[in-house]
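Here is a short tour of how two protein chains meet. Please keep the sequence and the 3D view open as you read along.

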2 protein chains.
Amino acid sequence: MTQQSSIFRAATEIAKLDIFAEDAEAARQRAAWSGAIAPGWDIVGNANGGYLLAIAARALAAALVRPDPVTISAHYFHPGQPGDVTIETQVLKEGRRFSSGTATLLSKGRALLGCIGTFGDLTEVSGPEIIDQGPPEMPDPGDCLPVVATDTFPPPFMGKIELRLHPEDGQFLLGKRTGQALMRGWFRLRDGEPADTIALLCAADAFPPTAFNADFPVAWTPTIELTVHVRARPAPGWLRCTFATHFVTGGFLEEDGEIWDSTGRLVAQSRQLALVPRG
Amino acid sequence: MTQQSSIFRAATEIAKLDIFAEDAEAARQRAAWSGAIAPGWDIVGNANGGYLLAIAARALAAALVRPDPVTISAHYFHPGQPGDVTIETQVLKEGRRFSSGTATLLSKGRALLGCIGTFGDLTEVSGPEIIDQGPPEMPDPGDCLPVVATDTFPPPFMGKIELRLHPEDGQFLLGKRTGQALMRGWFRLRDGEPADTIALLCAADAFPPTAFNADFPVAWTPTIELTVHVRARPAPGWLRCTFATHFVTGGFLEEDGEIWDSTGRLVAQSRQLALVPRG
C-alpha cells in the first residue's frame, strides 16, 4: 500500500461523445458520454447499483462542470452486465453555487438507470454543526469481520472494495441473524485509493442488505431508488458506515445510511427504497 | 363539510399538449402538459414546493399511465409564482408493476424544478409489516395549534390546507423554541377533500421547517431536494405527520418525515435536503 491505485477511478472513467452536437447551445444542454461496466463489480452477475450510479454521476459531474454530487437520486430499471455503456446527460439548471441535471445510463440502447442530481464544489464547507448523534461505535477494522469475494456469496464485488462488518451484524455470514435490521461496518477502496465524493455513492450501496439481519423471510431486496446526500469530501482512510431499516410495509422497505469519515465527520446520508420480493 | 370539495385537485389539474408529436413512438416517450400555479399556495410570494411537485407528479402519472408515485425526487431550481406552467415528461422505463420517468416544470420557459419518479398502482399492497415504532403520539387535532393563513407569517398557503401543530412544537408561533429540531402535527386538505397519493407530496412539504424549533440562528431553509416514498393510499381523515432533523453540517440539513393515516398506517416517508443560509 505504498502506492495509490485507482481501481475505482478507472472503473468509472467516462469520455464525451460527439453526438447531439447540432449547435453549441444544444451541445451544452444535452450530451452523451461513453463508459464501461468493468468486470468484477457484480453481485451474482449484476453490477452493484452504487457502482452503476457512480458511472452516471461521473458523466453528470462532467456535464455540469461541478465535481461533487450534493444530492443525487437514481431509479433502477434493469440490471447491468459488464460491457460498454452510454450516458445521456441533460443540464436543467446552472446556478452560482449548484448546477442540476439528469443522466440516463444505457447499455445496448436500454436504460439501466435514470438519475437526477444537484452538483457543487464541496472543497470548503462551512456553517453551524449540530448533530444528534456521532458516528456508530464499532471495533477497529482489524477486529471486524472481513467480507471476502467468492463466486456466489459474498459476491465478486467484494473483491473490488474492502468491507469489514461489525462483529454483531456480520453474524449472518455464519447463518445467524441478530433480529435487528441493521448493518454496520467499515468501507474503503482497495490499495489505498482515496474515496472521492463519487466513491461515496458506491459506499452507500456496498453493504449486505439490512434484511439479512431481520426477522422476516427475505433474502435479496432489489433497489428501486437510491438517494445520496453528500455533506463533505471524505478524509483518507476507512469510512464508518451504518444502515438501518425501520419500516417494512406494503411490499417495500427503506434503508437509511450514514457514512462518516476517519476524522469523525458525517460525509454522506443515504436512503434507498427496496422491494420486498413477494413470497 | 357535508360535501367534498376539490380545491387541491383543481389546483393541480393538467392537460396534454399536442407538441412533441412528430411520430407516435416519440409522442409516447416525450410529452408536454399544461397546468397552472394557482394563487394562494405561496409562502411569502413563492409557491409551496410540495404543491409544485404535485403538479409535476400529475403530469408524470398521466405520462406513465400509473396513478401512484411510489418514489419521486424533486430538485428545486427557482421559486414559482402563480400563472401558467408547462410540464415536459419523458418516459424512461415501462415495467410490469412500475414505470419511471422524469418531469420538468417550466414557467415562462424557465425550469422551476426537475423530478424523477417511479409510479405504480398502490390500490392493493401486501407483504410483511414490520415497524420499529408506530405513529407519533399527539393530542387530537382539536387540542393542537391551528396554523392560520396571514399575508406574511404564517403564509397564505396555510389557507389552502389545514394544519394543527403539536402543542409543544407549535410554541415557536409564540416566539418560543423547544430546542429540538422536530415538527409534529396533523394535515388534511380543506373541506373534506380526500388526500390521494399525490396530495401526500404536498403534505411532505407543508409543515414549518424543523429549524424553527432548533437552537441555531436559522430562519428559512430553502429546499434543494425532496424525496417522497409513498407506501400506501391514505384512508380519509387527518394525516399524522412528524418531521425531524438530526444533522446540520457543512451548510446543509436534512428533514426526515413520516406520514401516517387515520388508520395508523404509514403511508409515506420523506426526506429533504435543505440549505442553511449563510449568516
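Predicted model: local features only at pLDDT ≥ 70, side-chain atom pairs only at ≥ 80, totals over all residues.

How are the two copies related? A rotation of 180° with 0.0 Å of shift along its axis brings chain A onto chain B, and the RMSD of that superposition is 0.0 Å. The two copies are thus related as by a two-fold rotation axis. The interface tells a matching story: 100% of the interface residues of chain A are interface residues in chain B as well, so the copies meet through the same surface.

**The interface as a whole**

The size of an interface is often given as the accessible area lost when the parts come together. Here chain A and chain B bury about 5,100 Å² between them, and 59% of that area is on carbon and sulfur atoms. On the side of chain A, the residues that lose the most area to chain B are R231(A), F247(A) and R271(A), which together account for 15% of what that side buries. In terms of residues, 58 from chain A and 58 from chain B take part in the contact.

Polar interactions are found here too. There are 25 residue pairs in polar contact across the interface of chain A and chain B, with both partners at pLDDT 80 or more. Which element gives the largest share of the chain A side? That is strand β17 of chain A (residues 266–275), with seven residues. By residue class, the side of chain A that touches chain B divides into 23 nonpolar, 23 polar and twelve charged residues.

**Salt bridges and strand pairing**

Side chains of opposite charge can pair when their charged atoms come close. Over all chains, the structure holds 22 salt bridges, and the count between chain A and chain B is four. One of them links E254(A) and R231(B), with the closest N and O atoms 3.1 Å apart. E254(A) sits in strand β16 of chain A (residues 252–260), while R231(B) belongs to the loop between β13 and β14 (239–244) of chain B, so this pair joins two chains. Another salt bridge brings together the side chains of D256(A) and R271(B), at 3.8 Å from N to O.

**One residue, two copies**

Now for a look at T223 in each chain. T223(A) lies in strand β13 of chain A (residues 223–230), and T223(B) lies in strand β13 of chain B (residues 223–230).

For a sense of distance within chain A, the C-alpha atoms of T223(A) and R184(A) are separated by 19 Å, with the two residues 39 apart along the chain.

How values were computed
Residues numbered from 1 in each chain as written. Chains lettered and ligands numbered in written order. Heavy atoms only, no water. Contact = heavy atoms within 4.5 Å. Buried area = accessible area lost by both parts, 1.4 Å probe. Polar contact = N/O pair within 3.5 Å; in protein donor to acceptor, adjacent residues only side chain to side chain. Helix = DSSP H or I, 4+ residues; strand = E, 2+ residues; numbered from the N terminus. Nonpolar A, V, L, I, M, F, W, Y, C, P; charged D, E, K, R; others polar. Least-squares fit on C-alpha atoms with pLDDT ≥ 70 in both.
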